[in-house]
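Subject: A structure for you to explore

Hi there,

Here is the structure I promised to pass on to you. Have a look around it first, and then read my notes below.

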Amino acid sequence: MFITSPLEQFELNNYFGFYLFNYHFDFSNFGFYLGLSALIAISLAIINLTPYGSGAKIVPQKFGIAMEAIYFTMLNLVENQIHSSKTVSGQSYFPFIWSLFVLILFSNFLGLIPYGYATTAQLIFTLGLSISILIGATILGLQQHKAKFFGLFLPSGTPTPLIPLLVLIEFVSYIARGLSLGIRLGANIIAGHLTMSILGGLIFTFMGLNLITFIIGFLPITVLVAISLLEFGIAFIQAYVFAILTCGFINDSLNLH
């Protein structure tokens with residue numbers, strides 16, 4: 001099984017389909033990998049909530065240290081980025097931010113497995129996430145502040161003649177922030193996968209020319225390996241950036257700044 005085109009890795013392929021109540025449902029590679037990422041996130045949440053048994057070790061091992069690192073990283077992020085309002089505690093959004101981070105993180109990681117599928121490379125998915133967060137943050141702001149929420153679109157001290165123009169600019173900026181949240185994630189994942197796919201294809205073709213090029217080809221392979229390791233770092237960074245910008249949306253809705 002070989003990928004003949006760099007874009008082939010982003011194609012949707014149906015594994016099977018079935019009818020239910022006169023509706024046809026398809027189970028695709030996107031659904032499989034998204035479900036697998038969600039299953040990992042749910043499993044990690046259950047593990048974190050499970051009390052230590054009699055056989056548990058007081059000093060955590062590598063897995064426990066990794067789970068604690070993710071937990072405290074997200075907890076510190078929420079505490080620093082989401083400031084509590086008069087009626088809502090910022091820490092109440094920690095489960096949502098943790099779940100969002102873990103889901104995106106393992107979606108990115110699963111996409112780096114050879115012949116895997118990167119669900120976060122589908123802009124319809126990342127845009128769906130970002131638009132949902134934008135709508136949710138807007139509803140939260142309206143629920144907390146009622147009409148005062150629209151003051152978010154009017155900077156203080158604005159001259160009266162400039163109010164319509166600045167309100168329009170702030171509104172467009174508000175929408176653009178929500179859209180850029182998903183576009184940034186999808187574009188970075190797509191760019192990384194295309195880079196590895198194209199370089200890998202060029203190296204494979206170059207090494208297949210003759211014995212000399214086959215030997216020389218091991219040098220660019222080290223570059224490809226380095227880029228692959230870099231992609232794991234980018235996968236983590238993009239999940240973290242998505243989480244921190246989501247915290248910014250929630251904080252703006254709670255505190256109007």
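Contact here means heavy atoms within 4.5 Å. Please keep in mind that this is a predicted model, in which local features need pLDDT of at least 70 and side-chain atom pairs count only at pLDDT 80 or more, while totals for chains, interfaces and linings use all residues. Residues are numbered from 1 along each chain as its sequence is written, and side-chain values use heavy atoms, with hydrogens and water left out.

Now the overall layout. The protein has seven helices and two strands, and from the N terminus on they run β-β-α-α-α-α-α-α-α. Helices (H or I, at least four residues) and strands (E, at least two) are DSSP runs, numbered from the N terminus. Of the 257 residues, 33% are buried; buried means under 20% relative accessible area, exposed over 50%, and partly exposed in between, with a 1.4 Å probe and protein chains only.

Next, the inside. A nonpolar core is a set of buried Ala, Val, Leu, Ile, Met, Phe, Trp, Tyr and Cys residues joined through side-chain atoms within 4.5 Å. The largest one has 46 residues, and Met 74, Ile 97, Phe 101, Val 102, Tyr 174 and Phe 242 have the most contacts inside it. Helices H1, H2, H3, H4, H5 and H7 each give two or more residues to this core, and H3 gives the most, with 10. A second, separate core has seven residues, including Leu 112, Met 196, Ile 203 and Met 207. If you click on Tyr 174, you can look for the residues that it touches beyond four places away in sequence, among them Leu 134, Phe 149 and Phe 249.

Two helix pairs are worth a look. Two packed helices are described by the angle between their axes and the distance between the axes. Axes are lines fitted to C-alpha atoms, for helices over the stretch in contact, and angles run from 0 to 180 degrees between N-to-C directions.

H2 and H7 pack at about 30°, with axes 9 Å apart, so H2 is roughly parallel to H7. Angles under 35 degrees count as roughly parallel, over 145 as roughly antiparallel, 65 to 115 as roughly perpendicular and the rest as oblique. Residues that meet there include Met 74 and Leu 77 in H2, and Ala 243 and Ile 244 in H7. This contact has seven nonpolar, three polar and no charged residues. Ala, Val, Leu, Ile, Met, Phe, Trp, Tyr, Cys and Pro count as nonpolar, Asp, Glu, Lys and Arg as charged, and the others, Gly among them, as polar.

H4 and H5 pack at about 155°, with axes 8 Å apart, so H4 is roughly antiparallel to H5. Among the residues in contact are Leu 134 and Ala 137 of H4 with Tyr 174 and Gly 178 of H5. They divide into 14 nonpolar, six polar and no charged.

Finally, two single residues. Leu 75 lies in H2 and is buried, with a relative accessible area of 16%.

Happy exploring!
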